[in-house]
Amino acid sequence: MSDLAGHVVLVTGGSRGIGRAIALELGAAGATVAVHYRSRAADAAEVVRRIVEQGSEARSFSANVANRAEAAAMVRAAGEWKGRLDGVVTSAGIYHGPALEEVGAEDWEEMFRTDVEGTFRTVQAARPFLDRSDRAAVVTVSSVLGSHAAVGGAPYQMAKAAIEQMTRALALELAPRIRVNSVAPGFIRTDINRTGHEDPAFHALVARSTPLKRWGDPEEVAPSVRFLLSREADWVTGTILGIDGGIALR
Ligand SMILES: NC(=O)c1ccc[n+]([C@@H]2O[C@H](COP(=O)([O-])OP(=O)(O)OC[C@H]3O[C@@H](n4cnc5c(N)ncnc54)[C@H](OP(=O)(O)O)[C@@H]3O)[C@@H](O)[C@H]2O)c1
């Protein structure tokens, strides 16, 4: 029996991509999963259905995390569902990759409100519910681009760097009761980069540049998140775990 059995975990962005794989992984490990989504209710409902089919509990909760009040209300609803949260995973996020001269006010605002403030407000609103757990943990989602530069999409890279420092700052502030860690995926095939992985030239470029010679899949990120939430990681906090086929070595 997994030590996450019966744990109540909120996964933001659980309707698609990396968050979806994490929600399914945790459900399979026996966790009760609050599956958050923004607008794709049918996708979230499908994730809930699959978790319930595996014998765990799940329910979907919606909010635009770029809206402070909506994010806080969603987290409260998820926390009140079972009266506590033992884990929070913040996978909701967007990607824009414009060049410097093309970054408009809206790109900037949306990126920071969704990725940075959305992550921060989610953890902030979850804190009272995490305090009710005797083994609480948070996992944020950064990117290899949080610490390695690429041409284009500077606001995304800055947002991920902010999430990494948020992870360290909150790990210190919330110790010893709540552990806070992050995963930093490399190139993972999801909707967020569909135009990239469906472009044969870009697909090949990423595979060539990755020491393990291929793109990753969301299911290859999820087990590390399960580990960071589990008892096996009881003495791990403030770390940024790269899951990137070695591309950060470049
Ligand atoms: N894929 C990669 O290569 C990669 C690499 C490094 C890091 N990451 C990070 O991993 C995280 C997940 O990305 P992904 O690849 O899984 O992307 P994805 O497949 O596009 O999924 C994005 C998820 O975030 C939700 N979301 C987006 N904007 C939101 C908002 N304003 N409010 C609430 N929810 C919102 C979406 O909800 P709906 O389904 O309802 O729209 C969806 O569940 C992101 O933080 C991303 O930066 C991805």
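The model is predicted: local features need pLDDT of at least 70, side-chain atom pairs count only at pLDDT 80 or more, and totals for chains, interfaces and linings use all residues. Residues are numbered from 1 along each chain as its sequence is written.

Helices (H or I, at least four residues) and strands (E, at least two) are DSSP runs, numbered from the N terminus.

Next, select α2, residues 41–53. Which of its residues are buried? They are A44, V47, V48 and I51. Buried means 20 or more other C-beta atoms within 10 Å of a residue's own, exposed 12 or fewer, with C-beta atoms placed from the backbone. Seen down the axis of α2, the buried residues fall within an arc of 100 degrees (directions from the axis to the C-beta atoms), so they line one face. On the other side, A42, R49 and E53 are exposed.

Now show what covers the buried residues of α2: α1 (17–28), β2 (32–37) and β3 (58–62) are included. Just after α2, find G55, with a positive phi of about 100 degrees.

Finish at V35. Among the residues it touches (C-beta atoms, placed from the backbone, within 7 Å) are A44, V47 and V48.

Note on methods
Contact = placed C-beta atoms within 7 Å. Lists of a residue's contacts leave out its neighbours within four places in sequence.
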